[in-house]
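Subject: The structure we talked about

Hello,

Here is the structure I promised to pass on to you. Have a look at it first, and then read my notes below.

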Amino acid sequence: SYTTDTQSREENKKTIESFHRLSVDIKKIRRLKEWVLLQDVAYVKEIAGILQEMGADKSAVANILERCPEAILHTPAEINSQRALWQLVCQNEKQLIKLVEQFPESFFTIDCQENQKANILFFQELGLKNHIITRFLTSAPSIFYNPVEKTKNVIETLQRNYLSLGGSEANMKIWILKLLSQNPFILLNTSSAIQENLEFLQKTDFTDHEVLQLLSKLKGFIFQLTPTTMRKSMLFSQNIFKCSDRELKELVLKCPALLYYSVPVLEERLEGLLRAGISVAQIRETPMVLELTPQIVQYRIKKLSALGYDIKRGTLESLNGTKKDFEVNYGKIQSKKERPIFNPVAPINIED
């Protein structure tokens, strides 16, 4: 219950003095979140005390309050409730304060604590490990604000569809947990949106097994799309590669990015490849190259060209994959180039 109205422009002197005592960089706060300093009620000393109780030293307290000064606008009772909530999934206070230091904004976003608690307990019942739940709390806090009924509804929709697509009861729990840990934002979707996207894929002649395959490959990001965007992306790919419906389906299974990326993104990536002298036929042969940004493609082509590797004539497989995959491929090409030519039947010259 604080306001961001800064018309009076009068800083709270008590807040400033308390920050000074804690060696907090007030200039930084004035530059980024000055409105915090204008609030009549603040709990600087109390919040700093709670953080110290949790194990934060003086410099850690100053760093936390500089990054998230709005923490001082919460009451000590609210912060202690949040502390108790996060302790449900933290091994000890040492781990908890480490998380608060790394992600103060997530910890001090105190919304719907009842919903947060209910969702944490549901995730534990579901079988998610505590370290995964802490990762959700820090990187996807918004998924905890929904009522737990909505979370359960989405999970039930996923389970029902997994079984109807031919997934086995025995593997369902592992599949759901993996999907959630890869992309917790699935839980922000509605059950009807999930259903709609799956039905679109089935109507586009993907078999149940292929739909399951796409779900796993896309790590659940498919639920952040709509039938309209997927249709547009597929139509764009079909026009570019001049392929039949069946061939398009095979390309999408090979490279789900053709389904996931919007037309402007695919256009930009395609143009970047064509500018580098790569042909449409080469891209069709290795469509996974469209998963890379034009900048990454440019950098990799430059590195390979320095070794004398002509990407226009060779396969695009050398460009593909993660940074680690590329470095391995690059290393192989480099060692092949540096290896001396040895003729096992050449005579050996021995000096007398």
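A charge sits over a ring if NZ of Lys or CZ of Arg is within 6 Å of the ring centre and within 35 degrees of the ring normal. With that in mind, look at Lys303, which lies over the face of Tyr330, at 4.3 Å from the ring centre. Arg269 does something of this kind with Tyr261: the charged end of Arg269 sits over the ring, 4.4 Å from its centre. Please remember as you read that this is a predicted model.

Next, the nonpolar core. The largest one has 108 residues, and Leu51 and Phe108 touch the most other members. Helix 11 (residues 169–182) gives the most to this core, with six residues. What does Leu51 contact, leaving aside its neighbours within four places in sequence? The partners are Ala56, Val61, Ile64, Leu65, Ile97, Val100 and Phe108.

You will see Phe19 in helix 1 (residues 13–21), and it counts as buried because its relative accessibility is 0%. Not counting residues up to four places away in sequence, Phe19 touches Val24, Ile26, Ile29, Leu37, Val44, Leu65 and Ile72. Glu66 is 47 residues from Phe19 along the chain, yet their C-alpha atoms are separated by 9.4 Å.

Now for the aromatic rings. The count comes to nine aromatic pairs. In one of them, Phe122 and Phe123 have ring centres 6.2 Å apart and planes at 45°, so this pair is tilted. Phe122 and Phe123 are both buried, and together with Phe136 and Phe144 they form one aromatic cluster. Tyr162 and Trp175 make a stacked pair, with 4.5 Å from centre to centre and 25° between the planes. This pair links distant parts of the chain, as Tyr162 is in helix 10 (residues 148–164) and Trp175 is in helix 11, 13 residues apart. Both Tyr162 and Trp175 are buried.

Is Asn197 buried or exposed? Asn197 lies in helix 12 (residues 191–203), and at 2% relative accessibility it counts as buried. Beyond its neighbours within four places in sequence, Asn197 is in contact with Ile222, Phe223, Leu225, Thr226, Pro227 and Met230.

There is a pair of helices to look at as well. Two packed helices are described by the angle between their axes and the distance between the axes. The axes of helix 13 (residues 208–217) and helix 15 (residues 245–254) come within 10 Å and cross at roughly 35°. Helix 13 makes the contact through Glu210, Gln213, Leu214 and Lys217, and helix 15 through Lys249, Val252, Leu253 and Lys254. Sorted by class, that contact has three nonpolar, one polar and four charged residues.

Last, a look at two loops. Ser23 is not a glycine, although it has a positive phi of about 60°. Ser23 is in the loop between helix 1 and helix 2 (26–33), and it counts as partly exposed because its relative accessibility is 47%. Lys242 is not a glycine either, and has a positive phi of about 45°. Lys242 is in the loop between helix 14 (227–241) and helix 15, and with a relative accessible area of 70% it is exposed.

Enjoy exploring, and do write back with any questions.

Best wishes

Technical notes
Residues are numbered from 1 along each chain as its sequence is written. This is a predicted model: local features need pLDDT of at least 70, side-chain atom pairs count only at pLDDT 80 or more; totals for chains, interfaces and linings use all residues. Side-chain values use heavy atoms; hydrogens and water are left out. Axes are lines fitted to C-alpha atoms, for helices over the stretch in contact, and angles run from 0 to 180 degrees between N-to-C directions. Helices (H or I, at least four residues) and strands (E, at least two) are DSSP runs, numbered from the N terminus. Contact means heavy atoms within 4.5 Å. Ala, Val, Leu, Ile, Met, Phe, Trp, Tyr, Cys and Pro count as nonpolar, Asp, Glu, Lys and Arg as charged, and the others, Gly among them, as polar. A nonpolar core is a set of buried Ala, Val, Leu, Ile, Met, Phe, Trp, Tyr and Cys residues joined through side-chain atoms within 4.5 Å. Buried means under 20% relative accessible area, exposed over 50%, partly exposed in between (1.4 Å probe, protein chains only). Rings of Phe, Tyr and Trp (its six-membered ring) pair if their centres lie within 6.5 Å; planes under 30 degrees apart count as stacked, over 60 as edge-to-face and the rest as tilted.
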